[in-house]
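Please look over the chain shown below before reading on. These notes are meant to be read beside it.

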Amino acid sequence: MRNDDVSLKGILVFLGILAVTLTITYFSLMAMQRHLERKAEQRDELAERLGPSQSVQSVRLISPTRANK
């Protein structure tokens, strides 16, 4: 193998770009997860304050076998 077959600089640049991309992706996903968890907590708190709605209380569950009769 000759020395000019593989570019060490090219490999290092690729690995550097890969590391930066993975780091940005990781922190973006972590921020998104925190945001979604906060939104879920807010919705849970709101649902607890409002209580069950009248429409939800009035819905009857029908099994698939009864629905076909």
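The points below go from the basis of the model to its fold and its surface.

1. The model is a predicted one, in which local features need pLDDT of at least 70 and side-chain atom pairs count only at pLDDT 80 or more, while totals for chains, interfaces and linings use all residues. Residues are numbered from 1 along each chain as its sequence is written, and side-chain values use heavy atoms, with hydrogens and water left out.

2. The protein contains three helices and zero strands, in the order α-α-α from the N terminus on; helices (H or I, at least four residues) and strands (E, at least two) are DSSP runs.

3. Helix α1 covers residues 8–50, and its 43 residues reach 63 Å from the first C-alpha to the last, close to the expected 63 Å, a span defined as 1.5 Å times one less than the number of residues. After α1 comes G51, with a positive phi near 75°.

4. Of the 69 residues, 0% count as buried (under 20% relative accessible area, with exposed over 50% and partly exposed in between). The accessible surface, by the Shrake-Rupley method with a 1.4 Å probe, is about 7000 Å², and 62% of that belongs to carbon and sulfur atoms.

5. A nonpolar surface patch consists of V6, L8, I11, L12, F14, L15, L18 and L22, with about 770 Å² of accessible area together. Patch residues have over 30% relative accessible area and no salt bridge, with nonpolar side chains joined within 5 Å and like charges within 9 Å; a salt bridge is a side-chain nitrogen of Lys or Arg within 4 Å of a carboxyl oxygen of Asp or Glu. L22, in helix α1, is classed as exposed because its relative accessible area is 53%.

6. E37, E41, D44, E45 and E48 form a negative surface patch. E45 also lies in helix α1, and is partly exposed, since its relative accessible area is 47%.

Technical notes:
Lys, Arg positive; Asp, Glu negative; His and termini not counted. Charge placed at Lys NZ, Arg CZ, Asp CG, Glu CD. Buried < 20%, exposed > 50% of the residue type's maximum accessible area, 1.4 Å probe, protein only.
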